[in-house]
Amino acid sequence: MRVVVTIQHPGHVHFFRHSIAELRARGHEVHVFARESDVAIALLEAYDIDHEVLAGESGSLLSLATVQATYELRLLARARRIEPDVITAIGGVAAAHVASVLGTKSVVFYDTEHATLITKLAYPFADVICTPSCYRSEIGPAQRTYPGYHELAYLHPDRFEPDPTVREEVCLEPDERFALVRLSSWEASHDVGHGGFDDPREVIDRLEAAGCSVRLTAEGEPPADLESYQFTAPPERMHDLLAAADIVVSEGATTAAEAAVLGTPAIYVNPASLGYTADLESEYGLLFGFNGPDRHTRALEKTDAVLEEPAETWTQRRERLLEDRIDVTEFVVQQLETVAGPQASNRSPSSPNPSES
């Protein structure tokens, strides 16, 4: 079959990375198209995934519509030549629209309930919408649920083994306790009106007082007085660092969830409570979410409590999670083959691939 994968965010690269490799190993044609966004292209290159960039970054919410329109038009032109059996994406606005125009199938994966702009633009046009079983919205007959999280498409132990040498790359001693702090830019369409910590400086001071060295990663520019805490490491090493940390304190849901499924306790400070962050908290106690006017103070108090727990606590909780949840890459590949199969079987085996002619 012929598969088109669209990438518009670094997290999309991680999610589809192993599925692309698996599909190609099974003899399917996979065409990857991307929109320049943060470190997405750097990750595609680091993982040696053939791709074509169709549009640049959007500098603001106001420019996003123009960039998205450019991306969709160029994707439509490429897909028309390829004649794919299925187009897939996370969020899936461009994928669902282009598939609808071409009369092909679309499979959309998503886990962010409050991103209503994306869901309103994508869901009505998508053939299949795959969500974690903890997703809080009922979508209708197109919805397929699975017992997992997006992060288990690339951080399941069958797909990922942490490399402890990452400590050396960020100047940490082998036995040194450390915390990773993730600050968000709050510029995404679903972040408007939201915020995280009141004072990131106080967060770092609290962690250092508890005996942790701190490494900081931030979307955009961090506060000037925190620049010295930023680390330099390739983006593909981020998950090694999350696995090695004693605690992760994050304003971003994805980073918090990644840490949790790796067995690193995560403090998540953000007004948005999502199905998967709530599930990681209520079912497994690996993530602790805080919102409301006193979120900053309560998060700092919980940080102290988490650091007092023995490491075995988090190992045991992760083991229970892995017993309950699946390797999501297997589910992705199965869905694409199931949806695309009837269309692919109707094509003559001798039909040339338009992209090669």
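Where is cysteine 171 found? In this predicted model, in which local features need pLDDT of at least 70 and side-chain atom pairs count only at pLDDT 80 or more, while totals for chains, interfaces and linings use all residues, residues are numbered from 1 along each chain as its sequence is written. Side-chain values use heavy atoms, with hydrogens and water left out.

Cysteine 171 is found in the loop between helix H6 (166-169) and strand E8 (178-183), where helices (H or I, at least four residues) and strands (E, at least two) are DSSP runs, numbered from the N terminus. Cysteine 171 has a positive phi of about 60°, although it is not a glycine, and it is exposed, with a relative accessible area of 66%. Here exposed means over 50% relative accessible area, buried means under 20%, and partly exposed lies in between, with a 1.4 Å probe and protein chains only. Aspartate 48, which is likewise not a glycine, has a positive phi near 55°; it sits in the loop between helix H2 (40-46) and strand E3 (52-55), and it is exposed, with a relative accessible area of 65%.

Helix H1 itself covers residues 10-25, and its 16 residues reach 23 Å from the first C-alpha to the last, close to the 22 Å expected at 1.5 Å a residue; the expected span is 1.5 Å times one less than the number of residues. H1 has a kink of about 40° centred on phenylalanine 16, the bend at a residue being the angle between axes fitted to the seven residues ending there and the seven starting there. Phenylalanine 16 is also among the buried residues of H1, which include Pro10, Val13, Ile20 and Leu23.

We turn next to a sheet. Strands of a sheet pair through backbone hydrogen bonds, either parallel or antiparallel. Here 5 strands form an open sheet in the order E9-E8-E10-E11-E12, and the pairing is parallel; two strands count as paired if DSSP finds at least two bridges between them. Strand E9 (213-218) and strand E12 (287-290) stand at the edges, each with a single partner strand, so one side of each is left without a neighbour in the sheet. Within the sheet, strand E10 (residues 247-250) and strand E11 (residues 266-269) pair in the parallel sense over 3 bridges, and valine 249 has isoleucine 267 in E11 as its bridge partner.

Finally, glutamate 202 lies in helix H7 (residues 200-209) and is partly exposed, with a relative accessible area of 35%. Leaving aside its neighbours within four places in sequence, glutamate 202 is in contact with His296 and Leu300, contact meaning heavy atoms within 4.5 Å.
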